[in-house]
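Student: I have the sequence and the model open. Please take me through some local details, one at a time.

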Amino acid sequence: RSILALLVAGGYALSTRDNAAVAAPPVPIVTVAAPLVRDITEWDDYVGRFEASRAVEVRPRVSGQLVGVHFTDGQIVRKGQLLFTLDARPFNAALAEARADAASARSDLELARVNLARANRLIADEAVSQSDLDQLNAKVRAASAALAAADARVRSRSLDVEFTQVRAPIGGRISDRRVDAGNLVAAGEGPSGSLLTTINALDPIYFNFDSSEALFLKAQRERQAGGAAAQQVEIRLQDESDYRWTGRVDFADNAINANSGTLRVRAVIYNPDYFLTPGMF
């Protein structure tokens, strides 16, 4: 009885070990990959509007009658292009008068110099007193000053004649004419002067947006850490799905608005075909 019991126990133990060996899980397969290392660009989203890089109100520098308009409303004009013409006849007459006064003043100076030279020759023979000589020197100086003033009036009248032709101070897209030919226009700035038209420079064009204080601090920290000096911008218009317009930030205001907590920022965008327009969102 004892021998049989041992044999049975031994057989049971062997069967248990065989089942455990069969049920052991397989060695897992592990895939090892190296970490990816690459430079990334972090973007912040804003909304803003386009603005002309330069805007000029065209006003006359002399008063007179407008006699000619030399552009088409809304066209692209170049710097120096003739836009308006004023009646130049009154200014030409004033210029002729100023030139005549200058010729008279030059003649008086020549006479004063001749009299002074004659007196200098006679002073050695004591034929002229020192007092007379001093008076002649004073007349030469006065005649020289009168000639200088007359020449200045000639230059001033010449500028008036030149200003009868109103030319474009910048290149860009011009607005419509605000005054038609035949009207009298007044020189001056602001409300006292007649507004003839306006011109907007569109290439390059500005894009203005407001940045929060948190994002401004983020950009400042990046610059301190050696980041890019000029921030790149990509712009998508409201009917576009891709950011096709590119530029760079060139200006940030010198103070954060205390009411809104934002900073006004400006980007420069190249616009060679004048597709982008001021006021566009």
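**Contacts, helices and backbone**

Student: Leaving aside neighbours within four places in sequence, which residues is Arg-59 in contact with?
Tutor: Contact means heavy atoms within 4.5 Å. Neighbours of Arg-59 within four places are set aside. That leaves Gly-188, Glu-189, Gly-190, Gly-193, Ser-194, Leu-195 and Leu-196.

Student: What kind of model is this?
Tutor: Residues are numbered from 1 along each chain as its sequence is written, and side-chain values use heavy atoms, without hydrogens and water. Local features need pLDDT of at least 70, side-chain atom pairs count only at pLDDT 80 or more, and totals for chains, interfaces and linings use all residues, for this is a predicted model.

Student: Which side chain makes a polar contact with the side chain of Arg-59?
Tutor: Arg-59 sits in the loop between β1 (48-58) and β2 (64-69). Strands are DSSP runs of E, at least two residues; helices are runs of H or I, at least four; both are numbered from the N terminus. A polar contact is an N or O pair within 3.5 Å, one able to donate a hydrogen and the other to accept it; residues adjacent in sequence count only through side-chain atoms on both sides. At 2.8 Å, the partner is Glu-57.

Student: At roughly what angle do the axes of α2 and α3 cross?
Tutor: Axes are lines fitted to C-alpha atoms over the stretch in contact, with angles from 0 to 180 degrees between N-to-C directions. Helix α2 (residues 89-122) and helix α3 (residues 130-163) have axes that come within 8 Å. They cross at roughly 160°.

Student: How is α2 oriented relative to α3, roughly parallel or roughly antiparallel?
Tutor: Under 35 degrees is roughly parallel, over 145 roughly antiparallel, 65 to 115 roughly perpendicular, and the rest oblique. The crossing is roughly 160°. That makes the pair roughly antiparallel.

Student: Which residue does a cis peptide bond join to Asp-203?
Tutor: Most peptide bonds are trans. Here omega is about 0°.

Student: What is phi of Tyr-274 near?
Tutor: Tyr-274 lies in the segment after β11 (262-269). The value is positive, in a residue other than glycine: near 60°.
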